[in-house]
Each structure stands twice: as structure tokens, then as C-alpha cells.
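Open the model in your viewer and keep the selection panel at hand. The stops below go from a pair of helices to a pair of strands, then to a loop and a ligand.

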Amino acid sequence: MAKKYAVMMYKGGSGKSTTATNLGAVLVDMGKRVLLVDLDRQGNATTGVGFELGEIPRSLNHLFADSELHPRDAVIVTDFGLHVLAADRGLARTAMNMSPGDMFMLRELLSRLDDDYDVMLIDTPPNEGYMTYSALAAADAVIIPVATRGFSEEGLAQTIDGITAARKSYNRNLQLAGILFTNVERGTLVASSVLKSVQEDYADVVFPYVIPKASVLDKGNAAGMPGVLLEPKHKAAEAYRNVARRLVDANQ
Ligand SMILES: Nc1ncnc2c1ncn2[C@@H]1O[C@H](COP(=O)(O)OP(=O)(O)OP(=O)(O)O)[C@@H](O)[C@H]1O
Ligand SMILES: [Mg+2]
């Protein structure tokens, strides 16, 4: 059965999509069967692994719209072996028309693919809403990327509240896989104050690895090829490999 991680943080630009695509790539490299699920209408994870939003024959949104479709029929595959349920702009309208019962659609969809994958990574939008609730309902655990550029604490507290609420009302077993510092510029004042305050508040749930600021990750997003594959020896690639290994080990 696939282990499902929601990559979530109620703050824009915290490294969610970059983390989802790069973790996906290193997990594939480790021999895992990985499905990337892009729930964000911006589609940054989808484009970050090489697809153009307008050119995808079937996206996640088609699955939401047509319950007759098998989710496998919407899976697209990257050159490097990562499987993807892609985003499209229509996800915004779908979210608008969702009612509480629809929150479990994603869980149902993904459960039909359970035997096909070892890991699923669900990239989410930065705001609270039906797409993030759907991710929380479908996931076994949440990875929270926190960019250390300031004003992250509020988004983090809100995200943790979201997880607690999900546990109370619709996903009792939801775990917190960990808080992952991303885009870390060691030595900058903002980075060290955010790191310090989060480490104080959430000491036991912070990943022992941080993702450094690395232009290759930015470059990879723009090029449609995860940075960890562009420069596998880069420190940032090593950091994502360490995080991936930790996730795999925790699940054995
Ligand atoms: N470690 C890093 N080093 C350098 N740039 C990074 C790093 N991580 C992310 N970025 C860049 O920061 C920006 C935001 O990252 P990303 O899109 O992954 O965040 P996000 O949380 O998914 O954003 P959104 O909330 O809009 O979905 C992007 O331009 C990305 O290329
Ligand atoms: Mg994103």
C-alpha cells in the first residue's frame, strides 16, 4: 500500500512544489514507485517535472469531474520515471463547487492506485480550502516546508492547526512527518531567527536536515527537470536524498 504524504504549508513560496518534485525524483532514484499528485491550480509541480499545463490530455481535474474514469487513465509519466496526476487551471472552479462530502473524493481516487505505488506525494496550494482539506483527508502524513525568509511562523501555526482539526474530524490517524526548512541561507539574520523560533516551538518534529538555498533548484523548476537530477552532487540534492531516506526508513 502506498504511503501518502501531503506537502503542505499555508504560506506561499515556502518550497512545497520544489520539495514535492525533488523528493519525488530522489525517491524514484532509490527504486521507489512514486506518484506525484498536483492539487494546486498553479501547476508548479506539474511544470517542474516537465509538462506544459495546456498540453496534458487528462489531469486530476478530469478525475474529479468524471467518476467513471479510472485514475490510472490520467497518470502521465516523466522521462525519469516519476508518475504524475497533473494539475490544471480548472482545479480552482472544482474547489469552488466542492461541498464537504466531496472532500473524500481524492482519498477514494488515490486508494484505487494504492497497489501501483510505494509513495504518493501530494502538492497543495498555499491556502486553506477544499483542495487542502482533500489532501489532509487522503494523506497518511504531512511534510511542512518552511522557507526561512520571515513571516513563516503564522503560516506554520495555521498549518499545524489544520492538521489538528483534520485529526479531530476526518482523519484520525494523520501524522506529521516533519517540518522541513527550505531555501536556507545560513548566516542571514532572518534565516537564523526563523530557524530558532521554530526549533524552540516544534523541536521534536523538525527534520534534522535543511534544504539550502540553491539556484539549481530554481533552475530545475524553470527547466522542467528537478534540480536534484541536474546536479546530483549538489548539497541541496544530498539534503533531499537524506530527507527521502528518513521517510523511507520511518516507514519500514
Ligand atoms: N532551496 C531553494 N533554493 C533556491 N530557490 C528555491 C528553493 N526552494 C524553492 N525555491 C524557489 O522559491 C520559489 C518558491 O518555491 P516553491 O514554488 O517550491 O514554493 P511553494 O510553497 O510551492 O509556492 P506556492 O505557495 O506558490 O505554491 C520558487 O521560485 C522556487 O524555485
Ligand atoms: Mg507550489
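Select helix H6 (residues 130-138) and helix H7 (residues 152-169): their axes come within 10 Å and cross at roughly 60°. Helices (H or I, at least four residues) and strands (E, at least two) are DSSP runs, numbered from the N terminus. Axes are lines fitted to C-alpha atoms, for helices over the stretch in contact, with angles from 0 to 180 degrees between N-to-C directions. H6 and H7 are therefore oblique to each other, a label for angles that are not under 35 degrees (roughly parallel), over 145 (roughly antiparallel) or 65 to 115 (roughly perpendicular).

This is a predicted model, in which local features need pLDDT of at least 70, side-chain atom pairs count only at pLDDT 80 or more, and totals for chains, interfaces and linings use all residues. Residues are numbered from 1 along each chain as its sequence is written, while chains are lettered from A and ligands numbered from 1 in the order in which they are written.

Next, select strand E6 (residues 141-147) with E7; the two pair in the parallel sense over 7 bridges (pairing needs at least two DSSP bridges). Ala-147 has Thr-182 of E7 as its bridge partner.

Move on to Asn-183, in the loop between strand E7 (175-182) and helix H8 (189-201). Asn-183 is not a glycine, yet has a positive phi of about 55°. Most residues other than glycine have a negative phi.

Finally, display ligand 1, surrounded by 20 residues (C-beta atom, placed from the backbone, within 6 Å). The closest are Gly-12, Lys-16, Ser-17, Thr-18 and Pro-126. Helix H1 (16-29) and helix H9 (215-223) are the elements that give two or more residues to this shell.
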